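Q: Please take a close look at the aromatic rings in this model. Which rings pair, and how are they arranged?

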Amino acid sequence: MSSICSDVPLRSIFLKFPLAWEKKLIMKQACKNPVPADWVFHMQMLDKDACLLDNNKLRQRLNQLQDLLYLYELQLKDILENTYHRTNSRLFSGNRSTQHEMLLPTTSGNLIVYDQDCSAVYNQKKTKSGYYRIRPRADREPFLAYCDMSDGGGWTVIQRRSNGRENFNRTWDDYKLGFGRFQGKNDEYWLGNDHIYDLLSRGERSLKIDLMDWHGETRYAVYENFQLANEQDNYRLWFGTYSGNAGDALSGGSNFEHQWSASHRGMQFTTFDKDHDRFLAGNCASENKGGWWFNRCHAVNLNGRYYRRGRYKGSHDDGMVWSTWHGMWYSLKYSAMKIRAPFFIDSESGDAISTSVMRTSEYKEQGNEELDFT
Ligand SMILES: [Ca+2]
């Protein structure tokens, strides 16, 4: 007859009674009352099954933890290097399984905490310009935006034109959701009216517009109290006091008559497929080749056609216009619209654009052609 005194199942019994005096007691009891061989065999099988089960569970858990580690390593890399992962990447779509969430220690919370805007990113001592994933509203998905950390830092770029590669003659929905490339520091994009609205609705905002012409000259305009209404009010535009050296074109210029028909203050957003402008006989977005807060029609058309020579001709003043600087028939080379919390305000000129934009000669060297999106 086999005895439990010398058999394997003791290991599992000992695991449950780890103290030395407990083990001694068990040994004593077991050796006093030898156990029948079939019972020992049965216990051995149970012990083996339990071991296998435990082993499988541990292995499964290990795999899950390895997956999680991989996931968070990638996310960390995403944040640290500002690399762009397209939204179709499941890793970043927020669709992590609930099982993963449940596995997280309860004290850790969400490991990825997104900053609400680029000012918040800057305040986290992340002072390198680049693309960051931000989340102005906790109940919406985070999204990428270029954070301009020069020029005082903390700017969230909502629009950029720099090379004419992106089509800005787009639908309401495109302007609502945003479009363009979010990779290179000069990539052209529109952040999206919903995203801009969410950023602005967090509080009063300052808007700064950096401009460059085809001679490399730069100008800027700053507007206090930049606000948008929501989509129900067609993203109606509001802005306060102007400062800068580009001229107050958003208010329609210095001419009072022009202001009445060209000021963008209080205007709703118009695209070629949704007309909310004050031009009764037509659609300003169709004429001027981009979505904007048109009056009848504009003194600023920064989402207009990208002409590569500055001066242009046409049946409509559809270029990238800032009328108070170069007039209606000059299309600029570069524009960046960026917003920031007012406590960040300083009115220094955006020197950064002179280094971040290619010079005209470089464009030509690279064989860039004028793109026509009409
Ligand atoms: Ca109209």
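**Aromatic contacts**

A: Y175 and F269 are both buried (under 20% relative accessible area; exposed is over 50%, partly exposed in between; 1.4 Å probe, protein chains only). The model is predicted, so local features need pLDDT of at least 70 and side-chain atom pairs pLDDT 80 or more, while totals for chains, interfaces and linings use all residues. Numbering runs from 1 along each chain as its sequence is written, and side-chain values use heavy atoms, without hydrogens or water.

Across the whole structure, 19 aromatic pairs are found (Phe, Tyr or six-membered Trp ring centres within 6.5 Å; planes under 30 degrees apart stacked, over 60 edge-to-face, the rest tilted). Among them is the tilted pair of Y175 and F269, with 5.3 Å between centres and 50° between planes. Y175 belongs to helix α6 (residues 172–177), and F269 to the loop between α8 (256–262) and α9 (284–288), so this pair links parts of the chain 94 residues apart (helices are DSSP runs of H or I, at least four residues; strands of E, at least two).

W214 and Y306 form an edge-to-face pair, because their planes meet at 65°, with ring centres 5.8 Å apart. W214 sits in the loop between β6 (205–212) and β7 (218–228) and Y306 in the loop between β10 (300–301) and β11 (321–322), so the contact ties together parts 92 residues apart in sequence. Both W214 and Y306 are buried.

Y175 and F269 also belong to one aromatic cluster, together with F168, W172, F179, W190, Y235, W292 and W293.
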